[in-house]
Amino acid sequence: MKKKQPNEQRITALYARLSRDDEKDGISGSIQNQRAILEKFAADNHLPNPRFMFDDGYSGVTFTRPAFMEIMELAEQGLVANLVVKDHSRLGRNRLVVGQLLEEDFVRLNVRYIAIMDNIDTANGVSDIVPMQDLFNEWHAKNTSDKVRRVMQSRGNAGIPLTTNPPFGYRKDPEDKNKWLIDEFAAGVVHQIFQLSISGLGPTQIAKKLRSDGVMTPSEYLHSIGVSCPTKPPAYPHNWCSATVADILDRQEYTGDTVNFRSFSQSFKQKKRLDRPQEEWKVFPDTHPAIIDRETFTLVQNLRQHRRRPDRTGIVSMFSGLLYCADCGEKLYYSSTNSYKREQAYFFCSSYRKNSSVCSAHYIREHTVEQLVLEGLQRLLWYVQAFEQKFAQEQVERFGLQAKKALTAKRRELDKAKQRVVEIDQLIQKSYEDMSKGLLSEERFATLTVSLENEQRQLKAAIPEMETSLDATTDKAADLQRFIERARQVTRLTELTPEIVHEFIDKIVVSKPDKVDGKRHQRVDIYYNTIGLWVAPEPEELEQEYLDYYKAMLKRKKKTA
């Protein structure tokens with residue numbers, strides 16, 4: 001049983017609270033004014049051991065406020081005799097929590113509660129009007145929240161950034177707080193993080209490297225230059241965490257875009273933010289200087305879709321996440337141990353690892369994959385540079401045929417869904433007429449109507465997604481041009497890097513090995529970004545293409561001359 005404290009040891013908690021919304025009340029609602037009123041009341045009424053405690057900048061909807069939580073902890077220890085506030089709304093604006101405090105917690109803890117301006121004193125009992133006051137206090141918080149939300153929606157739809165602080169790498173323009181300028185030091189760190197990601201490192205490994213290099217975390221840096229930051233600096237200097245790195249890598253704002261409405265709260269009482277689906281974001285392109293170009297950002301997002309975890313040796317292969325089994329479609333796992341050399345590292349089917357009866361190992365060594373990819377890329381890049389126009393024409397023809405088929409199928413599916421929605425309305429109308437004529441029972445009509453309405457509801461929900469998908473099927477010409485321009489820049493490829501691999505390679509499909517004349521043969525298909533599967537022409541065909549290309553160049557030169 002809790003030991004009861006003598007009255008002379010118990011305190012009178014004089015509690016003040018001021019939220020950002022209350023600041024508009026001016027000096028009458030200020031912390032200083034509340035303190036003066038509370039201290040005078042305590043002195044006039046001879047309340048023992050007055051102790052002033054306050055929460056500045058905290059909403060009355062939440063009760064996880066530092067000073068209030070400290071008061072409740074002291075009360076649990078039997079050290080609080082009285083709790084005095086200026087008015088009842090200072091205690092809080094959540095009627096359910098306030099009601100529990102007045103009717104249960106303060107009674108259990110033997111705490112006398114006084115709200116001076118509202119003439120509430122639990123020593124005299126709680127009036128029946130108090131719950132109504134709690135309801136009005138909560139309505140006030142809800143109305144304020146609704147007004148703030150409408151203002152934020154208006155600002156967000158106008159393309160004004162909704163974040164209080166710009167992302168790490170930017171600073172606010174002193175002349176216009178709604179505009180961002182590049183912070184050179186922080187932008188350098190962001191560049192480093194993206195380059196480390198492209199090199200094959202994951203967020204955890206990047207965080208370890210930043211720690212070892214003594215790079216300041218975002219909160220450390222902001223505090224060092226005197227910018228207020230809600231996040232406290234880490235307990236240990238330069239203590240980067242993987243979540244911070246991952247958040248930076250996911251930030252589309254680094255490409256120069258403003259992204260609003262990333263998150264939302266379910267209720268004005270819930271301060272926790274929930275993520276919105278990406279299709280509900282509001283994106284305004286090119287509103288501020290870019291730190292990361294769009295190609296690099298897209299490459300990093302593609303890399304992060306193929307999560308590459310280091311094995312027990314801490315090694316990450318540049319091909320991890322890119323190899324797939326030709327038979328079961330699952331990814332190939334990477335394996336290397338300290339018991340053998342790196343040249344012996346290999347990939348094998350993940351399905352086979354889980355259940356050997358489902359698939360075969362599809363075993364292939366890493367150095368074999370590296371050799372095949374290097375040779376394939378060398379052929380492709382040489383072919384693009386030597387026969388650029390021919391290559392572009394081939395791809396446009398192939399993409400044109402595929403896009404036409406895809407567009408036709410999507411349009412057919414969309415038209416079918418829209419037609420079915422109209423048909424359902426007609427079926428429901430006909431069923432109602434049959435019921436009116438006695439040809440259909442009411443029970444059967446109700447069952448049929450519920451089934452049709454459910455089908456119609458699902459179709460109506462799917463149609464916007466189908467329309468979006470149809471709009472997203474765009475001409476591949478721009479992507480192909482970027483691919484050719486990048487291929488033109490890589491003049492001599494002598495070794496592979498993670499950046500080159502993930503910039504050009506989409507996936508690598510590995511078939512199971514076969515024995516032919518006692519020798520091991522294994523098919524490996526390399527799919528390239530933008531162009532998909534590409535097979536180099538045979539030497540004879542390539543030689544003829546080169547001769548034709550050379551003759552065409554000579555003819556053009558003669559005509560020019």
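So, the largest nonpolar core: it has 41 residues, and the ones touching the most other members are Phe319, Leu323, Val373, Leu377, Phe391, Leu496 and Ile505. Please keep in mind that this is a predicted model. Which helix gives this core its largest share? That is helix H11, residues 366-386, with nine residues. As background, nonpolar side chains in soluble globular proteins tend to be buried together.

Let's pick out Ile505. Leaving aside residues up to four places away in sequence, Ile505 touches Leu322, Val373, Leu377, Ile526, Tyr527, Tyr528 and Asn529. There is also another core, lying apart from that one, with 27 residues, among them Ala187, Ile206, Tyr254 and Ile291.

Now for the sheet. Four strands make up an open sheet with mixed pairing, and their order is S12-S16-S19-S20. At the edges, each pairing on one side only, are strand S12 (323-325) and strand S20 (532-533). Strand S16, residues 505-510, pairs with strand S19, residues 524-528, in the antiparallel sense, over five bridges.

The structure holds 23 aromatic pairs. One of them is Tyr170 with Tyr254, a stacked pair at 6.1 Å centre to centre and 15° between the planes. What does this pair tie together? Tyr170 is in strand S6 (residues 170-173) and Tyr254 is in the loop between helix H8 (242-250) and strand S8 (258-260), so the pair joins parts 84 residues apart in sequence.

A second pair, Phe194 and Phe297, is tilted: 6.3 Å centre to centre, with 35° between the planes. Phe194 belongs to helix H5 (residues 184-198) and Phe297 to helix H9 (residues 294-305), and the two are 103 residues apart. Phe194 is buried, with a relative accessible area of 0%, and Phe297 is buried with 10%.

Two last stops for your viewer. Ring pairs link Trp382, Tyr383, Phe387, Phe391, Phe483, Phe504 and Trp534 into a cluster. And Arg262 lies over the face of Trp281, at 4.4 Å from the ring centre.

Notes:
Residues numbered from 1 in each chain as written. Predicted model: local features only at pLDDT ≥ 70, side-chain atom pairs only at ≥ 80, totals over all residues. Heavy atoms only, no water. Core = buried A, V, L, I, M, F, W, Y, C linked by side-chain atoms within 4.5 Å. Buried < 20%, exposed > 50% of the residue type's maximum accessible area, 1.4 Å probe, protein only. Contact = heavy atoms within 4.5 Å. Pairing = 2+ DSSP bridges. Phe/Tyr/Trp six-rings, centres within 6.5 Å; stacked < 30°, edge-to-face > 60°. Lys NZ or Arg CZ within 6 Å of the ring centre and 35° of its normal.
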